[in-house]
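Hi,

Here is the structure I promised to pass along.

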Amino acid sequence: MAPLLWITTALVRWFRLKVYQYEVTFAIYMLTPTEKFIFNTILLTLITMIMTGVYVYLPDHLRSIYGHLYYYWAGERPFISTGLPSITAVFRENNTKTLEMMYDTVKEAAATATPIAEL
């Protein structure tokens with residue numbers, strides 16, 4: 001029975017310490033109980049709204065960003081109904097083709113560039 005009592009006491013002390021640190025960090029300890037309630041309610045509402053927004057909108061936003069990155073890398077629009085390929089598959093399939101295209105582009109730019117001595 002003693003270890004359970006010790007664990008409960010340690011947990012209560014840890015929780016009180018965290019509440020104390022929170023109040024000291026945000027200077028809530030000098031507010032009246034009504035002001036503390038209002039401040040904590042506003043803070044909790046704000047955090048809840050942010051977390052809800054992240055949960056609802058972030059997956060679609062990341063999917064959209066990945067679609068744009070795939071388009072820039074592969075040069076074609078992915079079909080949403082079939083799903084996007086994995087990033088490693090995109091790099092594996094297009095790595096050689098993209099490097100060859102980059103090499104050709106740099107080679108053409110170097111061939112048509114004006115030497116510095118002529119400027």
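First, the rule I used: a salt bridge is a side-chain nitrogen of Lys or Arg within 4 Å of a carboxyl oxygen of Asp or Glu. This is a predicted model, so local features need pLDDT of at least 70 and side-chain atom pairs pLDDT 80 or more, while totals for chains, interfaces and linings use all residues. Numbering starts from 1 along each chain as its sequence is written, and side-chain values use heavy atoms, without hydrogens and water.

By that rule there are 2 salt bridges. One joins Glu23 and Lys36 at 3.5 Å, N to O. Glu23 sits in helix α1 (residues 2–25) and Lys36 in helix α2, so this pair ties together parts 13 residues apart in sequence. (Helices are DSSP runs of H or I, at least four residues, numbered from the N terminus.) Lys36 is partly exposed at 21% relative accessible area, meaning between buried (under 20%) and exposed (over 50%), with a 1.4 Å probe and protein chains only.

Arg63 and Asp60 form a salt bridge too, at 3.4 Å, N to O. Both lie in helix α2, 3 residues apart, about one turn of the helix. Arg63 is partly exposed at 47%, and so is Asp60 at 49%.

And where does UniProt place the "transmembrane region"? The unreviewed entry puts it at residues 37–58, in the numbering used here, though annotations may be inferred rather than shown by experiment. That span is 100% helix and 0% strand, with its end C-alpha atoms 31 Å apart.

Cheers

Notes. Helix = DSSP H or I, 4+ residues; strand = E, 2+ residues; numbered from the N terminus.
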